[in-house]
Amino acid sequence: MIKPITGFSRLTKKEKIDWLAETYLKDRPEDVAVLRQYWNEDSRLQQLHDEFTENTLSNFYLPFGLAPNFLINGDLLAIPMAIEESSVIAAASKAAKFWRTRGGFKAEVIDTKKIGQVHFNFFGNKQKLEQFFKTTKPKLLEAVKPITRNMEKRGGGVLDIKLKDKTAEIDNYYQLHCEFETKDSMGANFINSCLEKFAEVFQNEARDYSDFSSEEKDIEIIMSILSNYVPECLVRAEVSCPVEELNENKDLNGEDFAKKFIQAVNIAEVEPYRAVTHNKGIMNGIDAVVLATGNDFRAVEAGIHAYAARNGKYSSLTHASLENGIFKFWIEIPLALGTVGGLTSLHPLVKLALDILQQPSAKELMKIVAVAGLAQNFAAINSLTTTGIQQGHMKMHLMNILNQHNATEAEKKTLTKHFTKHTVTHSSAVEELNKLRNS
Ligand SMILES: CC(C)(COP(=O)([O-])OP(=O)([O-])OC[C@H]1O[C@@H](n2cnc3c(N)ncnc32)[C@H](O)[C@@H]1OP(=O)([O-])[O-])[C@@H](O)C(=O)NCCC(=O)NCCSC(=O)C[C@@](C)(O)CC(=O)[O-]
Ligand SMILES: NC(=O)C1=CN([C@@H]2O[C@H](COP(=O)(O)OP(=O)(O)OC[C@H]3O[C@@H](n4cnc5c(N)ncnc54)[C@H](O)[C@@H]3O)[C@@H](O)[C@H]2O)C=CC1
């Protein structure tokens with residue numbers, strides 16, 4: 001029977017691996033060998049990775065690829081992407097190539113406001129709380145000066161604090177709803193530090209506030225935390241061209257292509273089952289760049305999906321139109337990203353990704369990420385409404401199937417050639433491989 005372990009975190013890496021081998025991987029020395037196989041031979045680099053998080057045993061690789069030819073606001077960029085899924089980087093590259101000769105992508109940051117909240121209970125008279133908040137607000141702002149001084153020098157800091165009455169939803173529940181500008185950082189640590197200070201000062205000031213009864217003096221802080229819902233940290237990216245320039249499909253003229261494409265987007269706008277898959281395709285592009293640039297993809301995912309449901313129904317993040325002969329396709333998403341802080345100056349591949357992107361500011365990175373999402377969605381809908389998704393996707397996935405069956409380099413070469421003229425399915429790939437081996 002397996003026994004629980006105390007103090008696992010205090011074991012050395014070797015001791016942790018030995019415990020794992022002994023407890024869960026008995027008779028599987030090959031699994032333990034894999035852990036070691038993925039260590040970096042540069043021990044300092046390995047230690048850096050070990051220390052990113054806790055209880056590290058090994059590294060988990062993802063491919064790091066490049067999608068070239070992205071013309072964004074007149075600049076030609078190559079976008080680094082970290083992703084395991086086949087056909088994503090090819091699709092982004094194909095969309096970039098297509099739009100480069102049709103004016104490229106236009107992107108703009110609409111706003112960069114971030115939000116954090118102190119959630120608390122107040123047991124008493126609401127008007128008295130409002131008056132207390134009014135007199136205390138300057139003290140709150142003053143108290144965080146040591147935290148905000150440098151951010152203010154960069155043009156950021158605390159933008160506002162509002163008192164919000166949430167008692168209609170939970171008895172006695174209020175918030176300090178705080179707005180921040182965090183410039184080139186994602187801002188989670190900065191915001192959380194400010195919020196915890198606000199909470200402390202707010203609670204202490206209440207204890208000394210003479211107009212409060214003893215019950216009112218006892219404000220109960222529930223928690224202080226940033227919000228990953230950032231509908232006012234918003235970026236928009238767009239492509240457009242005369243409809244006759246949508247001319248890469250031999251079976252469909254530009255106008256018919258546009259109409260079918262727009263209907264596919266409209267379906268994702270009204271039908272949640274389709275919207276989720278449609279947006280998953282968008283996230284293929286977004287997550288890949290967010291990861292490659294060392295940003296927090298969980299925060300980005302949570303914020304974007306909440307935005308997709310902001311009108312009470314989960315819907316498409318992209319939209320398309322055809323007006324006066326002009327086809328337009330655009331995305332609007334919230335993105336809290338950093339090009340400083342977090343892993344950005346620590347992980348060598350993240351530093352490299354930011355160098356490839358010409359060391360963007362956070363605002364520039366917002367535009368690049370939104371463009372990657374839009375490009376991905378363009379490629380997916382282009383395939384879905386013409387050839388179907390499987391043709392291109394399976395063409396790229398072929399290598400994974402052949403690798404699963406230990407194909408040699410010579411077999412891969414022969415079969416790649418064969419499948420330029422035939423449709424790839426898992427079974428057809430295996431069948432052809434067996435045929436080749438038995439010939
Ligand atoms: C896969 C393609 C691009 C093939 O498309 P294709 O027309 O066969 O490609 P091509 O061989 O004619 O090449 C055209 C360009 O595509 C790119 N390209 C082409 N091949 C490669 C490659 N091997 N490596 C890198 N780039 C590649 C590259 O830019 C190339 O230009 P070139 O380099 O020759 O100047 C196309 O079919 C496509 O865009 N498909 C969509 C794939 C996709 O969306 N994949 C995501 C996974 S499926 C999913 O998760 C989401 C989904 C689909 O469910 C979302 C939704 O439902 O909305
Ligand atoms: N709910 C969430 O999303 C949470 C996320 N996190 C994590 O927090 C990290 C991000 O937090 P940050 O505060 O961004 O990182 P951070 O604290 O590592 O670095 C940001 C700091 O860099 C400094 N800085 C230097 N140059 C700057 C510039 N030009 N603009 C802005 N700041 C500059 C500032 O002191 C700023 O506070 C991520 O790793 C994220 O995963 C942490 C807690 C909660």
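**Entry 1: ground rules and Ala 308**

For these notes I call two residues in contact if their C-beta atoms, placed from the backbone, lie within 7 Å. I am working on a predicted model.

Leaving aside neighbours within four places in sequence, I found Ala 308 in contact with Ala 275, Asn 279, Tyr 314, Ser 315 and Leu 317. Ala 308 lies in helix H11, which I have down as residues 297-308. Is Ala 308 buried or exposed? I count it as buried, because it has 22 C-beta neighbours inside 10 Å and the cut-off is 20 or more.

**Entry 2: the whole chain**

I stepped back to the protein chain. I get 16 helices and 10 strands for its secondary structure. Along the principal axes, the C-alpha atoms fill a box of roughly 90 × 70 × 40 Å. There are 439 residues, and 33% of them are buried. I also checked contacts with a separation of 6 or more: 73% of those join residues 24 or more positions apart.

**Entry 3: helix H7**

H7 runs over residues 188-207, and I wanted to know how it sits. It has 20 residues and reaches 29 Å from first C-alpha to last, close to the 28 Å expected at 1.5 Å a residue. Which residues of H7 are buried? I list Ala 188, Phe 190, Ile 191, Cys 194, Leu 195, Phe 198, Ala 199 and Phe 202. They cover an arc of only 165 degrees around the axis, so they are on the same side of H7. A reminder to myself: an α-helix has 3.6 residues a turn, so residues three or four places apart point the same way.

**Entry 4: ligand 2**

H7 turned up again here. It gives the largest share of the shell around ligand 2, with 4 residues. I count 20 residues around this ligand, and Lys 183, Ala 188, Asn 189, Gly 341 and Gly 342 come nearest. Ala 188 I had already listed among the buried residues of H7. By class, I have 6 nonpolar, 10 polar and 4 charged residues in the shell around ligand 2. Why do I place ligand 2 between domain 2 and domain 3? Because both domains give residues to its shell.

**Entry 5: ligand 1**

I found 22 residues surrounding ligand 1, the closest being Ala 91, Ser 93, Lys 94, Gly 281 and Gly 392. Which helix gives the most to this shell? It is H4, with 7 residues. Helices H4 (88-100), H10 (272-292), H13 (362-384) and H14 (389-404) each supply at least two residues. I divided the shell around ligand 1 by class and got 9 nonpolar, 9 polar and 4 charged.

Methods: Residues numbered from 1 in each chain as written. Chains lettered and ligands numbered in written order. Predicted model: local features only at pLDDT ≥ 70, side-chain atom pairs only at ≥ 80, totals over all residues. Expected span 1.5 Å × (residues − 1). Buried ≥ 20, exposed ≤ 12 C-beta atoms within 10 Å, placed from the backbone. Arc of directions from axis to C-beta. Near = placed C-beta within 6 Å. Nonpolar A, V, L, I, M, F, W, Y, C, P; charged D, E, K, R; others polar. Domains from an automatic or database assignment.
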